[in-house]
Amino acid sequence: MTTEPASCCAPTAGRTGSGALPGAVPVAVSSEVPRGGRSTRGQVRIPGATFWMGDSHGDGYVADGERPVHAVRVSPYLIDAKAVTNAQFATFVKATGHVTEAERDGVSAVFHLAVQAAPADVLQRAAGVPWWLAVRGADWRHPAGPRSDIGDLQNHPVVHVSWRDAQAYCRWAGKRLPTEAEWEHAARGGLDRARYPWGDELTHGGRWRCNIWQGDFPRHNTLEDGHLTTAPATAFQPNGYGLHNTVGNVWEWCQDAFRPTEYADRAAEEPVADPVAAEPDDTADGLVSRVMRGGSYLCHDSYCNRYRVAARSSNTAESSSGNIGFRCANDA
């Protein structure tokens, strides 16, 4: 297991504290959207099962807490076959008037090779991760900056959504975010302890099975998989449960608070049933670190091999960037 964590997968875009994405303007969070009736549209049923959760190959970072591998039992549940798309999120916004945190802040993080903005709108590089730029006017409608739009990206995952934005969508859609255990179980597609949703080898016959970085990160992407940033939400072959793009493409928010010691604290001889990390009681809601799973189009083994099914990362609940999205779940 790697002893040092890689650089952050996405910068923290906060209103307080050091290391926050520069340029964010303190604003009030909008009220909750109306709760919709339960919906299972676009979801697949995942059977209840016991599986081995965590890094079975020693590929992860110690600070991420991917070990110990431990037995987890999940009850049957439902989960979206794909990440929530721009078209779906636009329907939600039209119905509720929801304004995302990136829109209220007036700034979000964009990968430096993807920026479409006037020089005056590029505020500065994020500390410690200089390939991320704070771009004024970057949001879900303008994923690369104010000179971009989603006209040709209707079937791509929505990005620049915070955990709290994702929660608002789930509330309206009659769904919820998956727990971290549900996410990993579903992402594995029935392949126990495998590195990826399709097995242990990253490519097969030279063909890419997910959207990650190829080339020299962060300067040159050879685009062997066909994508610099997001791919359509169903771009690659689904896993054994019918889920698309559970690794690569965009990070996906989970319900749980993130603690690097979570696995060590709950590991036991008997399988742990339907675990969910405890909510911290000493942190403001927006500053709670939330689990992100799956990696993104920026993952590369030279700095961040978190495109594995077992990989974990986190960001604060109020953060957003051009590589964070989500998918929804439901009780069975």
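This is a predicted model: local features need pLDDT of at least 70, side-chain atom pairs count only at pLDDT 80 or more; totals for chains, interfaces and linings use all residues.

Student: Why is the contact between Arg195 and Asp59 called a salt bridge?

Tutor: The N to O distance between their side chains is 2.5 Å. The cut-off is within 4 Å, so the pair qualifies. Arg195 lies in the loop between α4 (180–188) and β8 (203–204) and Asp59 in the loop between β2 (49–53) and β3 (70–74), so the pair ties together parts 136 residues apart in sequence.

Student: What makes Arg195 partly exposed?

Tutor: Its relative accessibility is 24%. Buried requires under 20% and exposed over 50%, so Arg195 falls in between.

Student: Is Asp59 buried or exposed, and how do you know?

Tutor: Asp59 has a relative accessible area of 15%. The limit for buried is under 20%, therefore Asp59 is buried.

Student: Why is the pair of Glu318 and Arg164 counted as a salt bridge?

Tutor: Their closest N and O atoms are 3.7 Å apart, and the criterion is within 4 Å, so the pair is counted. Glu318 is in the loop between β15 and β16 (324–325), whereas Arg164 is in helix α3 (residues 163–173), 154 residues apart. Both residues are buried.

Student: Which residues are linked with these two in a network of salt bridges?

Tutor: The network links Glu101, Arg104, Arg164, Asp285 and Glu318.

Student: How many salt bridges does this rule give?

Tutor: The count comes to 22.

Methods. Residues are numbered from 1 along each chain as its sequence is written. Side-chain values use heavy atoms; hydrogens and water are left out. Helices (H or I, at least four residues) and strands (E, at least two) are DSSP runs, numbered from the N terminus. Buried means under 20% relative accessible area, exposed over 50%, partly exposed in between (1.4 Å probe, protein chains only).
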